Amino acid sequence: MNEVSRQTRISRPPAPHEPGQQAAEYAVLAEIGRIISSTLNIDEIYEQFAHQVSLLIPFDRLSISAVDMDAHTVQAVYASGGNIPGWERGVVHEIIPGGISDILERDRRGILFRTPDEEEEAGQQPARDLGGDFQTRIAVPLIARGVFVGALNIRSLQPYAYDEKHVAQAERIGAQIAGTIANVFAYEKLEAAQLALENAVSELRRSNQELEQFAYVASHDLQEPLRKIASFCNLLEARYAERLDDKAGTYLHYIVDGALRMQALVNDLLHYSRVATRGKEFAPTDANSVLQDALVNLEVAVSESNASVTYDSLPRISGDEAQLVRLFQNIVGNAIKYRGEDPPRIHIGVEEQDGQWFFSVRDNGIGIAPEYAERIFVIFQRLHTREEYGGTGIGLAVCKKIVERHGGRIWVESQEGSGATFRFTLPRMPE
């Protein structure tokens with residue numbers, strides 16, 4: 001806005017309040033306050049608000065715009081009366097530097113254009129350029145808790161329909177409703193964000209279900225051909241061993257080894273996919289019994305490695321017993337596998353904190369460098385070659401999925417060469 005047009009508008013002294021006009025304004029402001037406190041329906045508030053404004057400032061169009069200075073956008077959220085093409089309710093525009101929204105945010109006071117020519121002289125686009133016939137315009141900022149949140153626009157089809165008295169009234173009216181409108185804007189943004197989040201979560205859940213189903217079907221269908229490959233290779237070697245040279249025997253060995261490794265990978269992938277798709281209902285479970293079942297499954301590995309496994313008295317928890325057995329089996333099995341030169345020494349401990357059980361599995365093995373502490377829980381991630389340590393790289397990913405299904409979290413504390421302590425939480429079972 002240029003200084004000439006601003007001076008022209010400001011130099012006109014406001015008309016004095018007449019007692020009747022002042023009483024009418026107080027009545028309108030009081031009624032607006034009553035409307036705001038009597039309903040949560042924002043459309044009803046807008047309609048009744050527009051009616052009250054018309055009692056003081058007759059208009060041919062009243063509109064309310066929401067302004068987002070962070071996004072640099074302005075959106076018409078309500079309009080009553082004649083239409084201005086492109087400024088219908090819901091239409092979003094980018095804030096133009098030097099435009100009305102920019103000026104209102106900067107000056108924090110109302111603006112009056114008595115004719116389209118005044119509006120054009122101030123560097124603004126008059127309504128007639130957009131296909132409207134409006135002549136006079138008032139624009140006042142809506143300020144809530146010091147923040148510019150929107151604008152109230154009042155227009156007339158007649159030139160010189162308003163003066164500074166009307167601007168002052170519009171400012172007081174705008175101040176009356178600004179807080180409510182700001183709350184509505186914030187709620188609508190929160191509601192839109194919540195809806196977007198729910199849609200994203202729903203899509204992610206659907207995608208995960210499809211992925212889990214695909215993994216299960218693909219893994220299940222791979223089992224039979226892999227069994228045939230291994231079986232026929234063994235049959236070929238048994239029946240035609242005398243006709244095969246050393247190189248052919250080596251090739252057959254590679255084929256069988258590859259098929260067996262693929263079978264192990266498929267089995268682990270099945271276990272991974274079944275954590276969510278084939279899990280059982282949670283039930284009260286004795287963690288001591290769960291650990292004993294896991295150690296029975298690891299009996300050969302414990303014996304061959306001369307491992308020592310100690311443990312505290314473990315609590316009763318709510319969970320899927322079969323999955324919890326696999327959880328302990330995988331973690332203790334890893335402690336045995338990744339051992340150092342000394343026999344494995346493993347201790348399973350537990351303590352209660354903030355309504356949760358904090359389990360720990362401590363070993364004296366080769367340890368893990370801290371930079372790999374998160375990577376080891378990602379499916380198919382390995383820190384060693386298959387020649388160094390066997391396995392598929394799925395075991396800890398399964399553990400993570402089991403713990404998260406039970407409402408807990410899992411992590412590792414370790415230094416390379418100094419053993420490792422795997423920790424995981426499980427909710428405390430209600431009394």
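Predicted model: local features only at pLDDT ≥ 70, side-chain atom pairs only at ≥ 80, totals over all residues.

Biologist: What angle do helix 8 and helix 10 pack at?

Modeller: About 55 degrees, with the axes 8 Å apart. Angles of 65 to 115 degrees would count as roughly perpendicular and those under 35 as roughly parallel, so helix 8 is oblique to helix 10.

Biologist: Is the crossing of helix 8 and helix 10 left-handed or right-handed?

Modeller: Right-handed.

Biologist: Which residues meet there?

Modeller: From helix 8, Ser289, Val290, Leu291, Asp293, Ala294, Leu295 and Asn297. On the helix 10 side they meet Glu321, Leu324, Val325, Phe328, Gln329 and Val332.

Biologist: How many of those are nonpolar, polar and charged?

Modeller: The contact of helix 8 with helix 10 has 8 nonpolar, 3 polar and 2 charged residues.

Biologist: Staying with helix 8, which of its residues are buried?

Modeller: Ala287, Val290, Leu291, Ala294 and Leu295. Looking down the helix 8 axis, these buried residues lie within an arc of 135 degrees, so they line one face of the helix.

Biologist: What do the buried residues of helix 8 pack against?

Modeller: Helix 10 is one of the partners, and helix 9 (299-305) is another. The strands are strand 7 (283-286), strand 8 (308-311), strand 9 (316-319) and strand 10 (345-353).

Biologist: Switching to helix 11, which residues are buried?

Modeller: Helix 11 covers residues 395-405, and its buried residues are Leu396, Ala397, Val398, Cys399, Lys401, Ile402 and Val403. Lys401 is on that list, and lysine is classed as charged.

Biologist: What does the backbone do just after helix 11?

Modeller: Gly407 takes a positive phi there, about 85 degrees.

Biologist: How accessible is His72?

Modeller: Its relative accessible area is 30%, so His72 is partly exposed.

Biologist: And what about phi of Tyr160?

Modeller: Near 55 degrees, again a positive value in a residue other than glycine. Tyr160 belongs to the loop between strand 6 (147-156) and helix 6 (164-239).

Biologist: Is Tyr160 buried or exposed?

Modeller: Exposed, because its relative accessibility is 55% and the cut-off for exposed is over 50%.

Technical notes: Residues numbered from 1 in each chain as written. Heavy atoms only, no water. Axes fitted to C-alpha atoms, helices over the stretch in contact; angles between N-to-C directions. Helix = DSSP H or I, 4+ residues; strand = E, 2+ residues; numbered from the N terminus. Parallel < 35°, antiparallel > 145°, perpendicular 65-115°, else oblique. Left-handed = near helix turned anticlockwise from the far one by under 90°. Contact = heavy atoms within 4.5 Å. Buried < 20%, exposed > 50% of the residue type's maximum accessible area, 1.4 Å probe, protein only. Arc of directions from axis to C-beta.
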